[in-house]
Amino acid sequence: MNWFCFVWTVLFSMVWQCPAAPSTPSPTAPGSTAQDEVECPSNCVLLIYSNRSTSEAQDPLVMTSTELNPDHYEAQRAAHAVRYYLNTLYGTPFRQLSFSKVHQARTEDLGEAGMKYLLEISVKDSLNKSSEKLCSAEVVYPRGETQQPPKVQISCAASLQLNTSAEEEDFYKRYSAADSAVSGKDIPDSYGHVDPEMVPFWKLAGVASTFIMLNESNENTLYNLAQVAKITQLESQNGQLRLEYVVLLHDMISQEIIRWKMLVSWSPAEGVKVSDTQLLPKCHCKPPTP
Amino acid sequence: MKLYLAVFALLVAAQCHKLFIGDQVLRINAESEEQIQLLKELEDDEGWELDFWTYPVSTDLPVDIHVPSASLHAAKSFLHLHNISFTVMINNVQVRNSFIQISILAAHANLVSKVHIGFSYENRPMYVLKFSTGGNKRPAIWIDAGIHAREWVSTASAVWMANKMATDYGVDPSVTSLLGRMDVYLMVVTNPDGYAYTHTSNRMWRKTRSINAGSVCRGVDPNRNWDAGFGGPGASKNPCSDSYHGPSAQSEIEVKNVVDLVKNHGNFKAFISIHSYSQLLMYPYGYSCNNIPDQAELGTVGRSAVQALSSLYGTSYRVGSICRIIYQASGGSIDWSYDIGIKYSFAFELRDTGRYGFLLPANQIIPTASETWLGLKYIMKYVRDNS
């Protein structure tokens, strides 16, 4: 494997706890591939994401008033940060939280401390689809050149706490078996299909991704999980199911598809934990010669 | 017979397969673990661009592989060499969309015709479906879908709506009266090269497939390439970016072909672009957050259209200008159309809001298309009544 690429990849994963959200990728030296590290096919060239440069980011928001239209993008992006936060706390393979609507939104400029968004949102719980909770949330985006995650608080946090379900326990027991070696790729597939057995692993990827998405969020990002590129179950440790994921995140603002590798552990008791996150360079593939 | 051949050519062009003769789906019945292993190795080999519809897991389950024509001989030789038995399941793989297009054109030859507007970068013919009951350059409505390759539900919905429009003519009073006065131009796959690429190589591809001088990265974001605030904020100057605006406005032949048609026609009253995902109905501008003069009217039309859309399944959409609802984005199609005087310029972002995103399941195509059709019909009716 090309040492140059290896060094770059290692540097990226080491230097930034929360790597700068990629703006645009630039190519490495032609012909360099890092097959083992990032699984780029041999006819592909690695692109390394450059740090977000201010010229690429959207023009800074000029707020003439602190009241926001709740349907407009400023409030919507902040609401997604709340969504990520909620899932890092309460998400499981069988439970995901989202929001249906932002009812009210305003900002408070905290100067050096950052920009605060105050939101009234309806929180949806996948376990209880019929009822939505109206919650107040605060998102503070720090100021500065380097990416730092927003700080989120939400009023209804305590009321969202739930006991472990039987479904979760069954799933946990089943895949804790010593010979369990789940693996998969491209979930959902191109046609949006997910094998019923893989659904909880897909949902787990969604929850785990919110750790990364929250870390990478700022006022100019909006992330969704586009697809699970790869999933490999590792040996359980300390009673935790462990899985290595490669996920594709879609950033709505830049329209980029960003690849991340992460190690996910979960048990009903401990909840979802994410570690060893690694931004993977984009593969740019030359079409095969006819 | 000629009609069917012409139709065949259209659907192929519209679905952008490199060759319509030759692609096959092979069904393999592996008989040993060894054969399963061989198939797994085949799966990892990118060179043949094999598309595994079902994966080699066990000898109990068949393995279905879509083989592009270019790799067919090599793939079959490999299978013969290793004594792996297979049957040809599908000869001439066609996307499900294609089948509907054949029937539309064949069954409604008096209403629907195909207009050749030029070629894509990779030389695929570009066709737009023209719905017309006669006249000469009647006031017209433009609808384009699939300008971003990975937004499959946009193209799928357009095919469904084309069929719906054709079959509802003479049955639905609104459609009948619309087509009595106006023409509808519907472009199902506005970025055929990109669309093909999402099938053969990268499901998440967005841009065109043009070669960028001096860069290893291909493609231009076709919705940053229009002559409206071109090169401004919300588009990238980096060829490797998914929102690269291109070297100049209309540098992409796909965009230029549409621009030429619309300008030469000279009588379009509405211009509607269909994308996914986010569930939004938007009007200009993207390149600026300033209000257009017709903001109030387009906002009202948009909200009523969304009301019609939601009436079917309760799907909620947000309405607003592009710049305010999602982001500032320069060089967009409906900004261009609005700035050349086509007042009723709208952009849809279809289902969903991120759960499946670009990978919307097949069972949501018809619900999405049906509800979108109601919204679109509202807009078209309004345009008819106000043009």
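The link of B:Cys217 and B:Cys240 is right-handed, with 85 degrees about the S-S bond. Its two ends both sit in the loop between helix 7 (192–200) and helix 8 (253–265) of chain B, so this pair ties together parts that are 23 residues apart in sequence. Both B:Cys217 and B:Cys240 are buried. Keep in mind that this is a predicted model, and the count over all chains comes to 3 disulfides.

Here they are side by side.

| Pair | S-S distance | Torsion about S-S |
|---|---|---|
| A:Cys135 and A:Cys156 | 1.9 Å | about 100 degrees |
| B:Cys217 and B:Cys240 | 2.1 Å | 85 degrees |
| B:Cys289 and B:Cys323 | 1.9 Å | -80 degrees |

Over in chain A, the torsion for A:Cys135 and A:Cys156 is about 100 degrees, so that disulfide is right-handed. A:Cys135 comes from strand 6 (residues 132–141), while A:Cys156 belongs to the loop between strand 7 (151–154) and helix 4 (166–176), so the bond ties together parts 21 residues apart in sequence. Both A:Cys135 and A:Cys156 are buried.

Back in chain B, the link of B:Cys289 and B:Cys323 is left-handed. B:Cys289 is in the loop between strand 10 (280–283) and helix 9 (295–313), and B:Cys323 is in helix 10 (residues 322–325), so the pair ties together parts 34 residues apart in sequence. What about burial? B:Cys289 has 26% relative accessibility and so counts as partly exposed, whereas B:Cys323 is buried, with a relative accessible area of 0%.

As for the pattern, number the bonded cysteines of chain B in sequence order and the pairing reads 1-2, 3-4.

Methods:
Residues numbered from 1 in each chain as written. Chains lettered and ligands numbered in written order. Predicted model: local features only at pLDDT ≥ 70, side-chain atom pairs only at ≥ 80, totals over all residues. Heavy atoms only, no water. Disulfide = S-S within 2.5 Å. Helix = DSSP H or I, 4+ residues; strand = E, 2+ residues; numbered from the N terminus. Buried < 20%, exposed > 50% of the residue type's maximum accessible area, 1.4 Å probe, protein only.
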